[in-house]
Structures are given as C-alpha cells and as structure tokens.
Amino acid sequence: MRVTVKLFATFRDGRFKVEEKNLSEDSRVLDVLQLLNILPEEVAICLVNGRDVKEQHLLNDGDTIALFPPVGGG
Amino acid sequence: MGGYTGKILRINLTEGKTSTEPLSMELAKKYLGGRGLAGKMFADEVASDVDALSPANKLFIASGVLTGTNAPTPSRYMVVTKSPLNGVIASSNSGGYWGAELKFAGYDMLVLEGKSDHPVYISIKDGQVEIKDAGKVWGKDVYETTDALKQEFGDDKAKVLAIGPAGENLSLMAAIVNDLYRAAGRTGVGAVMGSKNVKGIVVRGTGKVENANPDQMKEVVANSLKKIRENGVTGQGLPTYGSAVLVNIINETGVYPVNNFQGSYDPEADLISGETLTEKYLLKKHPCYRCPIACGRYSKWDGKEGAGPEYETAWVFGSDCGIHDFDAIHEANDLCNKLGLDTISVGGTIAAGMELVQRGYIKPEELDGTPLEFGNAKGMVEWVRKIAYVEGLGAKMAMGSYNLAESYGAPELSMSVKKQELPAYDPRGIQGQALSYATSNRGGCHVRGYMISPEILGLPEKLDRNSLEGKATWTKIFQDLTAVIDAVGLCLFSSFALGLTDYTSLVNAVTGFNYTDEELLACGERIWNIERLHNLKVGYSAADDTLPKRLLNDPIPSGPSKGQMHNLPELLVQYYAERGWDKAGVPTPERLNMLGI
C-alpha cells in the first residue's frame, strides 16, 4: 500500500518534508518509524489523517501520517 | 518581605501629581499581584458603568510578585483596565524587560488616573517620578518614540513602553508596546492610554528584588530550570523554532482556520511555519528578561530586520487572510509593533473585511483602490497601516471586526467572542478549547485557559480532543492556574514544563509565605471570579458565553477534522457546576464566601 509521510521540526533534519512510501499490507506506524530510524519515544504527536494514534496503529492505503517531536507554542 | 517592593505609584494626570502608597499585604496575599491584585483594585476603584475612554477609567500597570526575581521567565507585567472594545475587565500582559525594570525602580504597580490636557510621558528614575511633555513624540511611531524618549532620559539602559499612532487614534485594537517588540496587545489597552494623553513610560531602576529565603530559592530555581531545560517543548521545540512551530501541528490536526474560519486546513501552511521561519528568516533568538526558553525571534525579510512573528501572527496575516507570502506577514507584524496594534485582532478584522467584500457587503468604491481580498498580501499590509491611521475604511476597521461587520448588518462574519477576535484554533474540533473560548473573561482568547496543551500537544497529559469527559474540570483548573501565573508575573510558556507545585515553591521561596498548592490555586479561582463579577455587572450574561454563529452551528466543512462539532451547551452546564456558579453562570454566594470574596 501507499502512504504519505510528513515530517516536522527536527524530524526533517537529514530526512525529508513529505514523501510517498510503499509499505507492505498490515504495516503499522511503528514500521514507518523503523524505516525512518525514529525511536517511538522521540515522537510526541503522531497523526494519521489528522487523528491522534499510537505506534501500533494499523495503516491503510492512502493514509497520511504526520510525525512531530515535542513542540508547542501558542 | 521578598518579591514585593511594597510600593504603588499613582499618577493623577488631571492634576499632574504623583504619589506613592504602600501595597496592601492583606490584598496581596489573596490576589498575589499582576492580573490578580490589579484586577481587585480595579474592581474596587472603578465603577462598572464608566466609559472606558473617559478620564474616570484607570489604567493599572502591574508587575507580579516574581517579576524581576531569579525565578525562570520572570519578565511579565499586566495591564488592567476597562476594555474600550467590549467593556470587560481588560488584562493584557507582556514580557520583554520593562516589567522587571519597574520593580528595580521600586514599584510593584503604577496606576494612571484621570486625563492630561496635553500629551505627556512619564519618566521614572528609581524614586524620582516626573510627568513630562510629549508634544515632540505625539504622532510618532513606537520605534521613533522609544529612541527619542531614551535619548531625552539620557540613559541607554532605560526601558520604554509606548503607544503608537493607533493608540493615539483610539483604535479599539491598539496595543501598549514595550522594548520595541513586546506588546500588551489585546483588549484595546493602548486606546485607554491614548485617551489619557499618555504617550509612554520610561523607567530605569537600580534596585533589586529581594528573596525572603535565598537558600530555598536557589534550590527551587535550580529544580524548575532543570525541568524547563529537560522538557522537549521548552528545552528544544520553542527555542529552536519559536511559537510558530505550531502552524504545522494545528494544520495537520485540521483545526487551523483559513480565510476567516471558512476552512480549517491549509495545504500550503508549511510556507509560513516555524520550520520555514527558522530555515529562511531567523537571524537570532530574542529572549525576554532572564528567560531560559527564548522563544522570541529576530528575523530578516525583504532587506529589513525586526521581531519575527509568533504563531498567532503568522496564522492571522497568513492563512486566515489566504496569504502565504512570509515577507508580507513579517511586514504586517512589524507594522503592528511600530504603529502599536494587536496582531490577532487586526489580522482577524482584515480577514473579516475580506469576507465582507467577498459576500458583497463592502462595496469596491469604499476601498479607495486598496485591495481587500483573500490572498492579496500587498493589500493586507496596506490595510494594517490604514487601520493605525484611521484612513478611509480603516477608520471603521480600527473599531474591530465585530463593530465593522455589525455596521454592515452581518455581525456573524466577525469571528469573535464578546467582540474580541478569536486566535488560531478552530474550536469545533477541540472541545475544551471551545469551552475556554466561550468562557474567557476578556473575550476571544487562547491564553486564559490553553486547552490546546492537553488536547493537542499532550501536556501535561494527552486528552482526546473530541471527548467531553473531564473537560469542564480541566478547563477550570487551567483557567485558575493561568490566573496564578499571570498574577505572579511569569510567562505562561513556563507551564509546558512546570506545574502548580513548582509555582507554589517559587512563590513561597520568594515571599516567605506558606501557601499550600490548594491555597495558591484558590488565588487563581478568586481572580477568575472577581473578573466574572465585573463582566456580569457591565451587562454580560451566560448568553455571551458562546461562539460566533458559523462555529456554533456548522460542523468543520473540510480537511482532516471534517464534520467535527463542539458540544458547548453540555459543557457549559458542567462548567458552571464545576465553578460553583448557578445555571445562569452567576457565582453563588456560597462559592464567593468560600473564596473570601
């Protein structure tokens, strides 16, 4: 399946802003993190199609995954 | 006595006289300082029916008990007055260096009363206070005024707070700006200062703020600094990217207002994000007094330099106006600092103006050739200037989006609560924030109870943003704790890393008092209730604890949060009960008695 991965803040360093990724069926967020060499504990906010999810969340074809380290403001 | 200087400076502008009086420690113990103590004194001294721009209104400028100490983020001062925008108790705070300097000069607070018959500024050199002629700087912008007043004062270390042309012209969105780039922006406090004919206040102090327990203070400061440095948000995210790092988070969540809240997702938002700001515009960090976070930005754009935009500013002059030209956003931000305007309200009013044009309410002939349309960056910047100088339609816009839209018979196009423009979060997809917006006692505002923190950022713990569970309780606690932070003079951003216990430890170490956590939080609840009582007295009621029609009635139309809707009616019932208020949102005598009000 094909998903869109968006990275933000320091996760972009040495990686990318947005990329399409081909994943095997039954992939989870954790598989994307491993692919990108990001540890689950480094992730503060993980959104799939705008919804908060955990790293065990099962992905679907066409999903958009947005990953953020700890950031905030206001 | 630690923390407090123990002195209040009163300036009677009508008579041209100044006097000092002792701080009431009895009141200070109950209301702490800053927003709390000034709010209590305002409520006691200013009748609720005064015209906000008349000499009978008073302007309180108050530091907090921790302002100027070595506690982390000790820079804040608070402006409290009756708001000319909406009549509520205005409390607008700012960082920078001015607030701490006021303490060093020996004052916890200054009160401007009456009205001068000619433009003046106030000069404070430790205990020496003078009311001086400001004829030469009246009409000048904040940058020119700051330079001129410093020069006349003769000490480069002096700190200047001033209004710009917007305050002189009584714009209801006028800010008080200090240290060039920091603003007590909201609720129109700059117009109150302008109505009194006061252009600025220069202060230089050589004193110190004492700590009652220096050894204890050393320990609690080290402890809280460690928490701030080790926290991902305050130790890394904010210092690296500034507050505009939120652009992408809020947008990807699908609660990022676009084109005057007609949309909630912007596919091009990254162009005006904190990441882009850091990559292409940032020159250096621009911290406030003794701040270990240093979220302030100093940027370059289009051959110019100045303070970089905060999140709310990047959003409001950006996506909310359909604009992705970051140079233009920097320019509009700089104009607001220079001319003394609040960025959120000005951007929100321009966005409302754009929708009024879009829907045919404002006719092309009213625009004097300046485009007012979503996506037109050049026009947007020019409207900021026209608002400050009340030129043409800019005069109507200077009264804020509610008054503007109402004058065309379409008040529902103002995205405001209690006439004040909403900040950068669509409340329909964030239940607690919807409640916080509706009940904010200064009108549309995100920093009276920042529920974004638990509902989106996951701090101090992650709450489901669409669930109602616990939201009334969380909102009340956040509102009360924020009132404490505003009253002690620390920056709200410290609360990403610190909790109630940390604030209690800091206040006790500085003052020598022995607050429990519950007692300190009760100070916040007391502050919240006296503000509510004032607003009820001026005629607000539960019916005003609401959202603009579009956000009240329609679900989010598109984007990741499509279809989401607030449940404000249910939350309000829970919230009033949680606060010990009756069903009409009025504090009960029992609760007031319990709080010692």
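Colleague: Which residue of chain B does R12(A) form a salt bridge with?
Modeller: R12(A) forms a salt bridge with D270(B), and the closest N and O atoms are 3.0 Å apart; a salt bridge here is a side-chain nitrogen of Lys or Arg within 4 Å of a carboxyl oxygen of Asp or Glu. This is a predicted model, in which local features need pLDDT of at least 70, side-chain atom pairs count only at pLDDT 80 or more, and totals for chains, interfaces and linings use all residues. Residues are numbered from 1 along each chain as its sequence is written, chains are lettered from A and ligands numbered from 1 in the order in which they are written, and side-chain values use heavy atoms, with hydrogens and water left out.

Colleague: How many salt bridges are there across the interface of chain A and chain B?
Modeller: The rule finds 4 salt bridges across the interface of chain A and chain B.

Colleague: And how many residues are in contact there?
Modeller: Counting contact as heavy atoms within 4.5 Å, 19 residues of chain A touch 32 residues of chain B. The two chains bury about 2,000 Å² between them, 54% of it on carbon and sulfur atoms, where buried area is the accessible area (1.4 Å probe) that two parts lose on being put together, summed over both.

Colleague: Changing topic, what is the strand order in the open sheet of chain B?
Modeller: The order is β8-β7-β12-β9-β10-β11, with 6 strands and mixed pairing; strands are DSSP runs (E, at least two residues), numbered from the N terminus, and two of them pair if DSSP finds at least two bridges between them. The edge strands, β8 (128-133) and β11 (182-184) of chain B, each pair on one side only.

Colleague: What stands opposite V160(B)?
Modeller: V202(B) in β12(B) stands opposite V160(B).

Methods
Helices (H or I, at least four residues) and strands (E, at least two) are DSSP runs, numbered from the N terminus.
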